Amino acid sequence: MIPAPFDYVRPASVEDACRVLADAEAAGDEVKVLAGGQSLLPLLRLRLAYPSALVDLGRLPELRGVADRGDHVYIGALTTHDEVMRSGVVREHVPLVALATATVADPAVRHRGTFGGSMAHADPAGDLPAVALALDCVFVVRSSDGEREIPAAEFFVDYLEPALGPGEVLLGVRVPKLGSGWGFHYEKFHRTAQAWATVGVAVAVRRGDGGAIEEARIGLTNMGPTPVRARVAEAALRGVAPSPAGSNGSDPLREACAQADAGTSPPADLHARPDYRRHLARVLTRRAVGAALG
Amino acid sequence: MTEELDAGLVAGRIAESDQMSEPSAEREMGRARRRKEDARLVTGRTMWTDNIQLPGMLYVAFLRSPMAHARITGVNVSAARSRPGVVAAYSGRDLAGEQGSLPCAWPVTEDIVIPDHPPMAVDEVRYPGEAVACVVATDRYRAADALEAIAVDYEPLDPVLDMTEALAEGAPKVHEAGNRAFTWKFAGGDIDAAFRDAPVVIDRTYVQQRLIPTAMEPRAVVATTDGDGFTLYSATQIPHVLRVMLAMTTGIPEHKLRVVAPDVGGGFGSKLQVTAEEVLALLLARRLGRPVKWTESRSEGNLTVHHGRDQLQRIAVAADRDGRIRGVRVELLADMGAYLMLVTPGVPLLGAFMYNGIYKMDAYDFTCTGVFTTKMPTDAYRGAGRPEATFAIERAVDELAHELGIDPVEVRRRNWITREEFPYTTIAGLTYDSGDYEAATEKALAMFGYDELRAEQADRRERRDPVQLGIGVSTYTEMCGLAPSRVLGSLSYGAGGWEHAAVRLLPTGKVEVVTGTSPHGQGHETAWSQIAADALGVPFEDVSVLHGDTSVAHRGMDTYGSRSLVVGGVAVLAACEKVKERARELAAHLMEASADDVEFDGGRFRVRGTDEGRTIQELALAAFAAHDLPGGFEPRLDAEATFDPDNFSFPHGTHLCAVEVDTETGRCAIRSYVAVDDVGSVVNPLIVEGQVHGGIAQGVGQALFEEAVHDADGNLVTTTMADYLIPSAADLPEFTTGRTETPATSNPLGVKGVGEAGTIASTPAVVNAITDALRPYGVRDVRMPCTPERIWRALAEAEAAVPGQAPATGPAPAAVPGFAPVPTHGSTPGAAPPPAPASEPIRGFVAPATSESAPEGGAR
């Protein structure tokens, strides 16, 4: 459990960090950005990752904090999970983020692990990427060439692979406020309290005046190499009036959510094989939608 | 007492019977003392082995086999030797001349195969993680880095992973002598008669999955030499046994070897071992003349701490229609792993006398075959053989109850030994000295609210609630307090089971208790202080307990098998009694009275009928001064005692578990858990409570969470705690505990031992509850650990077998008798065809049950 040797760099500013990253990558070195270290350090200690250097962003205060910016909440990349879940702004305006963050690992991890670090790690078993996808968050990144924005739908490229280019650092995430009328829920299924999600379902749902669902957004955790939107179920839920099962025994909510696994390619691991994950996605989506509807 | 509990040391409800045993103000026995050792243990400000720093110390790292089974065709360590900070690097061949073979102290049969077990592999690796080379460097980081410079050439061999396949003709061999280590048989009564024409036969196969003991403190070793003698510090449970075994295997004379178990952070049997790393650390210190240290990483530990359980159990119970058990037949395959370690082959035998449980029967037949595989060796893990036995019989008795439509508690009642029948000699030949199964069960049922929960269960079944309620019963006993030396001898064990204590009265009247037990979290310092305080009439605070260092505690048999209090605590009491007799003699002399006229009360020796007396502290000083002693009286009050029990002790109890099973997701949540244990007299109820809580947690771990998994190539997949799941407090319910107290008659304290009880009792309680919840769906068993996925698949398969089956109303429908993957046995005539094969078929026994009645081995 001892990492292979690596260099350690602690830049004094974001500009510095971008320059260090760009130089290293130009030289062909594999460098890794260190945020809270709660995912990266175990990889190093198990010698599953061999970066030549770590670039520690931990002392850059400008990357830390939550701000209410009118139509969205901005969460700095280095904001810890604990800070996120306790933030009044987050809880009031983007409660789904708070709900999901509260399920991440355990208190010790939440005090060190960071919001941006979880996103940039792009682990489909992480709880937050699915939330970002469901909420159509926008990722603000920077390199020596300047800033750019990446929509959540384009950010998670592949397993542990975010859409960060050479020399790019994630500055923060814009989480859109959805306004009134929305309900939220994050349904996490895991074997022990500290375990990763076997499957997780992030739901935002809005009813129209008549009570029928007008819009549903569903992000799935650990149902493929990246977090995925359950687009088929989202479409099927539109117009569904959630009510007790019909007199003919039909349950349109259940039927719509039975398509939650459409288009996914869930992994097989010690905790679940793909068919079980698909089943869980269907059951949990119905529960999450039900809970979000209140 | 309540205040101390409320202060938060122990979550959960206070044991109800604490009030029952409310001690008098003066008595320490029965007091819920907070543990005096905890402050240093929980803050870590103590001597854990890894905290030890010695001048010039070097650090060892081991290169471990990435293959389960391979021939080693070359190891090149020369590049590693030139890495920075590296002092030495060796292959197994480099050490072959002096490393010897790791010992097995329990040759259970005459013809047992005990393969040579080099601490570092030389020609062949036989389990993943086996050490093949090592680096010694100036710090542990350089040692770890240099491992990457070692080149090893392997020629892969076929892994041997499945016990049934391993025994088949032509199977790849783990060792030249074949894959069968031994077959051990034991029988009592006429088993054929018991099964002949039996109206009911329950025949089941259960898988005791392989577990990885997970002590909080990883293993660590420091070895040092002054050029003449050696000192080995190790995170071990058994400093005394280790010293003897190392002297026998390394050639270091026993009087030149000191072994120290500093504070040790948990063991659960995993540190009841003579490990490769301990032997190699000594050899390296001898070669290099410098102290060396090794501390394992958690992943290294998952690979190479000996594993636990891993048995395939076939149990058949023959019974009458009224539920009376006629006989029990047991066949085990026990996975030894690649080698026989200290007590590897003996572990299943510790269960051999327990498959009859608390029940009376006419006949019993037990056969166990030890099988070699290319996996880490198995050995003792909390309960060692007895959890497996209790699981099998308690699961089978539940099946019997279901088969007959009788309440599972009632079936047990019809078969158990009644309170009037003690002492009772069982069909397995053990004499249970005392017990009251009726009292423990009645108390547990009342605390649990059994009838109310049954009513709720019926309601949920009727409503077809997707969340079903299941109720599990486990009435257990165990043989512990290991052990009468005579019995160990008859079982071919290599040593005895006595324990030693010395009590020193210091000149100022303070007391040092020296114990041969070796605590690693159990609280001996507190409990032994309580025993000594009562026996000598000194304050609790005036007692110190010394342990774990063979140069301080020179005689001992160490700590395992719930033996410490039952054997070692009794030895402390016996030594105190001897001290008291010496003090009485001195007091009589000083007061010019006859010793017969001197009475002892509250720490004071008084001439009967007078006010004249001497405190024990005054006598300690008088003995030290030695100015005025009786003729021939040596100037000390100190005494030693060695206690060898006549019998095992037999804690028992009734555990009840209610689970809620979400039939949509397969998740099982424990809704409530009641444990009523009878561990005899109680020295410290707070410690007992802690042992019960931890024990239940570990048993629940086996039932729901834990499993060492190997892939098809034999690699261990569960090498981290993200893969090998153990429950934390957040995953467990509040435990409601209670006690009954039926004192043991086999020792003067009346104590029975509590270290393993919770683990033994809880696993079948949980799995019985899950099965109970799922029976209406046609599910008859779920293999452990009962993960959500396994429960979901069991439901899906039952549904596929009998489409449309749903929760029944009223009494549960009869399940299909027999066990599908074992097609040759045991269906009740006229039974429905078995359901479709389970997704993870259990490879069953290939031969029909044998019924030899002549024992080829056995206790008595």
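Predicted model: local features only at pLDDT ≥ 70, side-chain atom pairs only at ≥ 80, totals over all residues.
**Notebook: rings, cores and strands**

I started with a charge over a ring: the charged end of B:R667 sits over the ring of A:F189, 4.3 Å from its centre. My rule for this was NZ of Lys or CZ of Arg within 6 Å of the ring centre and within 35 degrees of the ring normal. I also found B:K36 over the face of B:F540, at 4.4 Å from the ring centre.

Residues are numbered from 1 along each chain as its sequence is written, chains are lettered from A and ligands numbered from 1 in the order in which they are written, and side-chain values use heavy atoms, with hydrogens and water left out.

**Aromatic pairs**

Next I looked up ring pairs, meaning rings of Phe, Tyr and Trp (its six-membered ring) with centres within 6.5 Å; planes under 30 degrees apart are stacked, over 60 edge-to-face, and the rest tilted. I got 19 aromatic pairs over all chains. In one of them, B:F186 and B:Y364, the ring centres are 6.1 Å apart and the planes stand at 65 degrees, so I logged the pair as edge-to-face. B:F186 is in strand β7 (residues 180–188) of chain B and B:Y364 in strand β15 (residues 363–372) of chain B, so this pair ties together parts 178 residues apart in sequence. Helices (H or I, at least four residues) and strands (E, at least two) are DSSP runs, numbered from the N terminus.

B:F186 is buried at 4%, and B:Y364 is buried at 0%.

I then checked B:F422 and B:Y437: centres 5.5 Å apart, planes at 75 degrees, so edge-to-face. B:F422 lies in the loop between α13 (408–415) and β16 (424–425) of chain B and B:Y437 in helix α14 (residues 437–448) of chain B, so the pair links parts 15 residues apart in sequence. Both B:F422 and B:Y437 are buried.

B:F186 and B:Y364 turned up again in one aromatic cluster with B:W184, B:F353, B:Y355 and B:F366.

**Cores**

For a nonpolar core I took buried Ala, Val, Leu, Ile, Met, Phe, Trp, Tyr and Cys residues joined through side-chain atoms within 4.5 Å. The largest has 158 residues, and B:W184, B:I315, B:F366, B:L704 and B:I770 touch the most other members. Helix α12 (residues 386–404) of chain B gives the largest share, nine residues. Domain 1 (49–157 + 219–295) and domain 2 (498–643) of chain B both contribute, so the core lies between them; the bounds come from an automatic or database domain assignment. A second, separate core has 54 residues, including A:L63, A:V73, A:F155 and A:A197.

**Strands in chain A**

I count strands as paired if DSSP finds at least two bridges between them. Five strands of chain A make an open antiparallel sheet in the order β4-β5-β10-β6-β7. Its edge strands, β4 (66–69) and β7 (146–151), each pair on one side only. Strands β6 (residues 138–143) and β10 (residues 169–176) of chain A share five bridges, and A:V140 stands opposite A:G172 in β10(A).

Last, β3 (residues 53–56) of chain A: A:A53 and A:V55 point one way, A:L54 and A:D56 the other, and all are buried. β1 (residues 7–9) of chain A pairs with β3(A) in parallel over three bridges, while four bridges join β2 (residues 31–34) of chain A to β3(A), also parallel. I found A:V55 to be the bridge partner of A:V9, and A:V33 stands opposite A:V55 too.

Conventions:
Buried < 20%, exposed > 50% of the residue type's maximum accessible area, 1.4 Å probe, protein only.
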